[in-house]
Each structure stands twice: as structure tokens, then as C-alpha cells.
Amino acid sequence: MTDLSRIHVAECLGGNRGLAEAVARAELPPAFEDAWRAHMLPRPWFVRASETAAFARDLEGLFELLVSLPLRLFDGDLDRYAAEVGIDPTLAALLRRGGSGVPAKFGRADAYHDGTAYKLLEFNLGSEVGGVDMAVFNQRLLRVPAFADFARVHGLDHVDIAARTATVLRDRARPAQSGGGDPVVGLIEGRGGIAPYGTLMRATVEAMAEQGIDVRIGEIDDVRTRSDGKLTLNGTPLDLVLRNFAASQLLDDPAGPDVAEPFFRAHQAGRTILFTSLESGFYANKSALALLTDPRGSGSFDADERALVDRVLPWSRTLHGSVPAEVVDLCRERREQLILKPGAGYGGLDTFVGWESTDAEWDKAVRVAVERGGYVAQERVVPRPEPVYDPATGEVDDWIAALGVFLTDEGYAGTHARANRADGGAIVGMSSNPDTRMVGVFSHP
């Protein structure tokens, strides 16, 4: 626990109502209000600046290791690599479309702090990761006088995720622009995707508008191709498509991957840039992280690289039908220390938690994971609890947070957090736990 958490709680308990109610008093822009107000923690999360910066540097190194795995471990054979991490040939062929062979360094690493250091849980790569709007929370909280005073006294700071993202979008869109000024960007979902995700997408549009970026929302079949090859949305030319659809959505679409062909063609012709390409999916799979901790490949990394892996990653193994029996037996024996996750899953869905299972339930879960393939057994990371004062009840409870650390080609791009009560279960994710709360993150010296 950071000292600043104790200080914040002490001030709230001491009667500083302005500080205690700062989140509730913050005036939020309408789309952000609609998306997040009901899901906010009563206070921001605090992290040490030096520690977070060091972890971000480690993430940059880890990204380079991830994208080097096909060459290091499979002699550059991407098909063999894909098979090992549980990506079937149909999906692998789609992930290749429109790619350059070098995926963009853009994504969000989800991590716990265990009281000693950050440990990486998963590395979500690609533009479809959520949360680029969350620094709006920080900005509006700083306009509340009581919190502004607290921030000034304790040297609080934050990195604006939307601002860093806007810088990347301007740079990537430039080759497709015919004139000066800022690009027009399409935030494009798969077919039927706006209905479930439109509220979050509008918050992103609002945050990017504050950065001077004109973002238009649409679904993949709303986009048309002009005679010169440039994509348009409702008649407006697009310089860049900010992809909010995943490859799996295309495979689930009755029209199949063909609906995305115009995007690939426009990108290859340089008329409308697709950011990011689908090839990020080769490395966002959790089984890719498991390869880094597998001793079978340790000889492919030098001492510094192995030290990086040991420092950042918990023990992980991919489970499938050909995994050695001793690995399966070890997973059965270590129920209380392991969690089983689908390699390509998100939000904690279809996850089996060993320490919340009986022996019989866990044995079945391991068997199912091996039979289905594509599951990762990951060592439990116990997150450090932090106290949170609830101004509505006057009570203090322990909460835990999954930190979302953003990375771009320019490096560290800010952090947000998802938080649960410490006794609220193992999964910290809004898709699987409705009690999860979102929160901005401030760093301190």
C-alpha cells in the first residue's frame, strides 16, 4: 500500500468533505458521464512515478521479445508459431491480411502490483483495446478545488492517454492526407458492434475531439470505397480507420472476412490507413506470453532478456492435447496457485480460478482446457490491497486494482485502473464482474 492512500483516507475521515466527494462533484463531459459515471470508484488510484516508468520500460522490451518469437523459436515460420499458441489456420490467414510483418506498438498491458513489483497478466495489443478516454477522469478531477489542493501538495501527475494516442494517429494518418491539418478518423466497429459498444465509442470520440481529432463512428459495412481507392463514411473521406473490430468478429460475421477487404486494399494503396493491422492478434494471445516463460525456449534469450521475463511475468504454460503429461499433472497439483484463461479471451470470460474451485471442479477445468486447447495456466498474482473511503457510507474498505498501462511507438502513454473490492472475487473486469469500477490513475514521487 502506498503512503498516499493512507493519507487520502485519513483526510477524508478527518472531515475533508471536499476531498471525499471530489469524484462525485467533478463535472464530466456528457459522453464520458454517460459511459462511466455509474462505474466510478470514489477516488483515483495512486502509483509511484519511478516504479511505473520502470515497468513501462520493461513492457517496451517485452514487446520486442513477443514480436521476435516466430523468428527465435520457429525459424521465422509464422504458421508453426500460430499453431503453438492456439491460432487456427483460418484465423492466422486473416491476421496476415493487410499487415507489414511488424505490428504497431500500440496496446494496453494489464498488471497487478503484488506489494513488491508489477506483474503482467496480459498484453492487449491493437487499437481495439479500450480506455483511451480515461484521462478525462483525471482532468476533470483536477478542476475540483479540494482535489487540486491535494494534488498540488503531494506532487500528483498523470499522462493523458488520449493526447498520446492523438499524436500517434496524426503521425500514422499523414501519408494518406492530401492537405494539412488534422486527419479525419473513422472509429469502425464490426457489424452490429455499435449497439453494445456505442456508449464507450462516443466517449472516445469526445476525448479525441478535445485533442483536435475528428473521429466518426460507424460499422464495417457503413464504409464505402471512392473511385480513387479512399474510404468514406457517410460521404466523408477517411484518412485513417481506428479499428475497433477484432479478427474474431470478422470470422463470426456471416459475410466472413470479405467485409474487411476494402480496408486492406485502401491501406495497402496508402489511401486510408488501417490502424492497427490485424497482425497484432498474433502477439496479443496469452499463449505468446506463456512461450516466454517456457524453459524449452530459454536458450533463445540472453541473460538480460531472461531477467526481464522473470521480473515481469508470472509462471505460465499453454495447455493443449500434446502438452507433456507432467505439465498437466503439475497444473492439477497447483490448483490454489493457478488460474486458467483462454489465450484469446478478454474480460475474464471463460476463466477458471483454481483457488476458488474444489479439487473436482479444478480437475474438470484442467481436462476441458487440455481438450479444447488454447488455454493458459498462469500463476496466481496476489494484488496489493488499498483502502478506499466511501463518502456515501463513511466506511473504509480494501480494494484491489488491475492497472492498464498504455504503450505506443513513442513509449509510455498513461495508465488507468479497474478496481474491485478485495473480497469481491478473483476477476477484475467489467465483462465478468458488474461490481468492477473504473478509475483514473495519478502518479506521485
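Which residue in S13 is the bridge partner of Ile 339? The close-ups below, all taken from a predicted model, start with that spot.

**View 1. Ile 339 and its bridge partners on neighbouring strands.** In S13, Ile 339 is bridged to Val 353. Over in S14, the partner of Ile 339 is Gln 378. The strand pairing behind this is antiparallel in both cases: S12 and S13 (residues 352–353) share two bridges, while five bridges link S12 to S14 (residues 375–379).

**View 2. Strand S12, covered on both faces.** S12 spans residues 338–342, and five of its five residues are buried, so the strand is largely enclosed by the rest of the structure.

**View 3. Helix H15 and its starting end.** H15 runs over residues 286–293 and is mostly covered, with eight of its eight residues buried. Among them are Lys 286, Ser 287 and Thr 293, along with Leu 289, Leu 291 and Leu 292. At the start of the helix, a side-chain oxygen of Asn 285 comes to within 2.8 Å of the backbone nitrogen of Ser 287.

**View 4. His 416 and its surroundings.** This histidine, His 416, sits in strand S17 (residues 411–421). His 416 has a relative accessible area of 2%, so it counts as buried. Leaving aside residues up to four places away in sequence, the contacts of His 416 include Arg 108, Met 134, Ile 161, Phe 406 and Met 438. Gly 130, Gly 131 and Gly 404 also touch His 416, as do Val 439 and Val 441.

Technical notes: Residues numbered from 1 in each chain as written. Predicted model: local features only at pLDDT ≥ 70, side-chain atom pairs only at ≥ 80, totals over all residues. Heavy atoms only, no water. Helix = DSSP H or I, 4+ residues; strand = E, 2+ residues; numbered from the N terminus. Buried < 20%, exposed > 50% of the residue type's maximum accessible area, 1.4 Å probe, protein only. Contact = heavy atoms within 4.5 Å. Polar contact = N/O pair within 3.5 Å; in protein donor to acceptor, adjacent residues only side chain to side chain. Pairing = 2+ DSSP bridges.
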